[in-house]
Amino acid sequence: MGMTIAEKILAAHGGVDTAKPGQYLWCKVDATSGHRLGDLEALGVDRVWDPDKVFHVDDHQAPPPTIAAANKVKELRRLIKKYEISNYFEYGRGGILHQVFAEHGMYAPGDLVAQCDSHSTSGGVFNACVTNANLDAVHVLAFGELWFRVPETVRVILNGTLPAWCVGKDVILKVASELGTDYGLYKSVEYVGPVASQMSLAQRWTVSNMGVEVGAKFAIFEADEKTDAFLADRVNRPYEHVTADADASYEAEYEFDLSDLTPMVARPGDPGNGVPVEGVTGERVKVDQAFLGSCTNARLEDLEVAARILEGKQVHPDVRMLVSPSSQEVFGEALKAGYLETLLEAGALVEHSTCGPCYGGHLGVLGDGETCISSSNRNFRGRMGSPLADVWLASPATVAASAIAGEIVDPRDYL
Amino acid sequence: METTNTGRVWKFGDHISTDFMMPGHRVLANPDLSVEEAAKFCMEANRPGWADEVQPGDILVAGKNFGCGSSRNGSQSLKALKIAVVLAESVSRIHLRNAVNTGLPTLVAPGIADFVEEGQSLEVDIATGQVKNLDTGAVLQAEAWQEGTPPYEILQAGGLEPYMKAKLKERGLVST
Ligand code: SF4
């Protein structure tokens, strides 16, 4: 019996020839994040298993908005020094972890990574098993290993040709609206098919990023020349693309024909509430905040499409549009490409790269009764601030177009 | 180890996210909050006042995809409120691992949503997974952790911290 991508990667890291769903393995882990260094110290351990495999950046309250947060950062810097962590990225050189870690070569095809933060499934775009470890990360810091239950694999086959102006965000909102937000529960989800190949790396990244929104442990793509192009100057160790065996077995296979896809939005409350935006425009949903940011959709091509839409136009007088690139590297590229200038001239507020608004932390928290259209990944009640606020999820194009209109609109009318 | 718990049931629906258990605008914005203080905001958005009503030893029953959403350790708040056991139709994997590491017994119990009403009492054996409804007498089988698996060992040890302490000592990574 053949193996899926996840089964191959787990078997290789668990020192076994084959891995089957349901099997428990202690696996060697290739890298982790530094969130749990304090816990390691509390356990009386004075070194990490491999300081070059620990990555860290402060992104959630970045830079610190309160004295308490500042003291936390101070403490973090002490730990980074103590444990000689080389891959630490200061403000101005960092951004949001999933983007920053990838830019610095943390993930390559075939890797097994367990790091803190739920959107770690993002790393699956690199043909790797990347998942969240929470308290578990301290076990990785100490021993460089972690237990895994080999997950069932689900295959999502994306057929057809993606129409113009539909992107990865529309794909995942569509798939989640049809399959529900638990089709990936505990599972490795592998996305394949013509549309998976057609999508840019950034678009696939959005799909892997929202893996956790459908419950997934891993959200994996196959690797191709787009993957290699991104990794070329970033990963200097040898790696091999991992593909599933032809006779691998899947718990379920879902096929979608995306040739007729139209831009999607997810209604407030759940990322699975996706509907075609053309069905919503009649409701005239007024927008108070338009957020183009987060680890989901604030990469260079996301900023580019927003700049193209907003070029020569103005953000609606009643809307605050917040733009926060996914990393400072992306910020710099967007600056040089002129996208940030265009957005600025349109009246958007361009912030540094931060998690702040995405999780309702700071730099753009929603008030009671406000409505936000957001390029991020979660619209749970209270996620971006007040529990009385509404968050709609959409692609960068839909966010930008809605910012101009002051209400949720179909981006195809604005391009 | 005593594995049987008896308690009164609080029922929640499907997709109870960790944002409900630990609201971001309360918890992340106030990093100095103690575990107990953070627990006071548990379920504030979906069920205001619940954290004040819940009693030590109560049992939480939920629907599908319990603990979806962020990796915030919602189990920590539930444990601080002294919830004894969590039973759910299904549980998000991040949350399930957090629960094991926190030492809060959390069992996947297909059928539980229709098996018990709020306010009824359950007797739960976390070792065997047997759940008994003390009001109706009905019995339901939940999925227990298999002996010998890593999560079983960690739960047995009382959570990740005690488990790791023993392992560190065994491997000579700590002096004491
Ligand atoms: S941008 Fe949002 S989803 Fe991404 S890591 Fe930050 S808080 Fe999490």
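**Entry 1: salt bridges within chain A**

I began with Asp111(A), which forms a salt bridge with Arg237(A), the closest N and O atoms lying 2.6 Å apart. I noted where the two partners sit: Asp111(A) is in the loop between α4 and β5 (112–115) of chain A and Arg237(A) is in the loop between α9 (225–231) and β11 (252–257), so the pair ties together parts that are 126 residues apart in sequence. I keep in mind throughout that this is a predicted model. On accessibility, Asp111(A) counts as buried, because its relative accessibility is 9% and the cut-off for buried is under 20%. Arg237(A), at 33% relative accessibility, counts as partly exposed.

Next I looked up Arg77(A) and Glu90(A), whose side chains meet in a salt bridge with an N to O distance of 2.6 Å. This pair links distant parts of the chain, with Arg77(A) in helix α3 (residues 67–82) of chain A and Glu90(A) in the loop between β4 and α4 (97–103), 13 residues apart. Arg77(A) is partly exposed, with a relative accessible area of 39%, whereas Glu90(A) is buried, with a relative accessible area of 16%.

**Entry 2: a buried Asp without a salt bridge**

I then turned to Asp270(A), which is placed in the loop between β12 (264–266) and β13 (274–276) of chain A. Asp270(A) is buried yet has no salt bridge, and I found that the nearest side chain of opposite charge, that of Arg378(A), is 9.3 Å away. Since a salt bridge here requires the nitrogen and oxygen to be within 4 Å, that separation explains why none is assigned to Asp270(A). I asked myself what Asp270(A) is in contact with, leaving aside its neighbours within four places in sequence. I listed Thr181(A), Asn379(A) and Phe380(A), together with His15(B) from the other chain.

**Entry 3: Asn87(A)**

Asn87(A) is found in strand β4 (residues 87–89) of chain A, and at 17% relative accessibility Asn87(A) counts as buried. Not counting residues up to four places away in sequence, I see Asn87(A) touching Asp52(A), Val54(A), Phe55(A) and His56(A). A polar atom of the Asn87(A) side chain lies 3.1 Å from the backbone oxygen of Asp52(A). I also noted that the C-alpha atoms of Asn87(A) and Lys53(A) are separated by 7.8 Å, although these residues are 34 apart along the chain.

**Entry 4: helix α13 of chain A**

I went through helix α13 (residues 396–405) of chain A and found that 10 of its 10 residues are buried, so the helix is largely enclosed by the rest of the structure. Among the buried residues of α13(A) are Pro396(A), Thr398(A), Val399(A), Ser402(A) and Ile404(A). Which elements cover the buried residues of α13(A)? I noted that the cover includes the strands β12, β14 (289–293), β15 (320–324), β17 (371–374) and β18 (390–394), as well as helix α10 (300–310), of chain A. The helix α13(A) is followed by Gly406(A), whose phi is positive, near 80°.

**Entry 5: where chain B meets chain A**

Last, I looked at the interface, where the contact takes 44 residues from chain B and 42 residues from chain A. The two chains bury about 3800 Å² between them, with 61% of that on carbon and sulfur atoms. In chain B, Arg93(B), Arg97(B) and Met164(B) lose the most area to chain A, together 19% of what that side buries.

Across this interface the rule finds 2 salt bridges. I recorded the side chains of Glu145(A) and Arg171(B) meeting in a salt bridge at 3.1 Å, N to O. On the side of chain B that touches chain A, the helices α1 (18–21), α6 (93–102), α8 (150–157) and α9 (160–170) of chain B each supply at least two residues. By class, I wrote down 19 nonpolar, 15 polar and 10 charged residues for that side of chain B.

Definitions and conventions:
Residues numbered from 1 in each chain as written. Chains lettered and ligands numbered in written order. Predicted model: local features only at pLDDT ≥ 70, side-chain atom pairs only at ≥ 80, totals over all residues. Heavy atoms only, no water. Helix = DSSP H or I, 4+ residues; strand = E, 2+ residues; numbered from the N terminus. Buried < 20%, exposed > 50% of the residue type's maximum accessible area, 1.4 Å probe, protein only. Lys, Arg positive; Asp, Glu negative; His and termini not counted. Contact = heavy atoms within 4.5 Å. Polar contact = N/O pair within 3.5 Å; in protein donor to acceptor, adjacent residues only side chain to side chain. Buried area = accessible area lost by both parts, 1.4 Å probe. Nonpolar A, V, L, I, M, F, W, Y, C, P; charged D, E, K, R; others polar.
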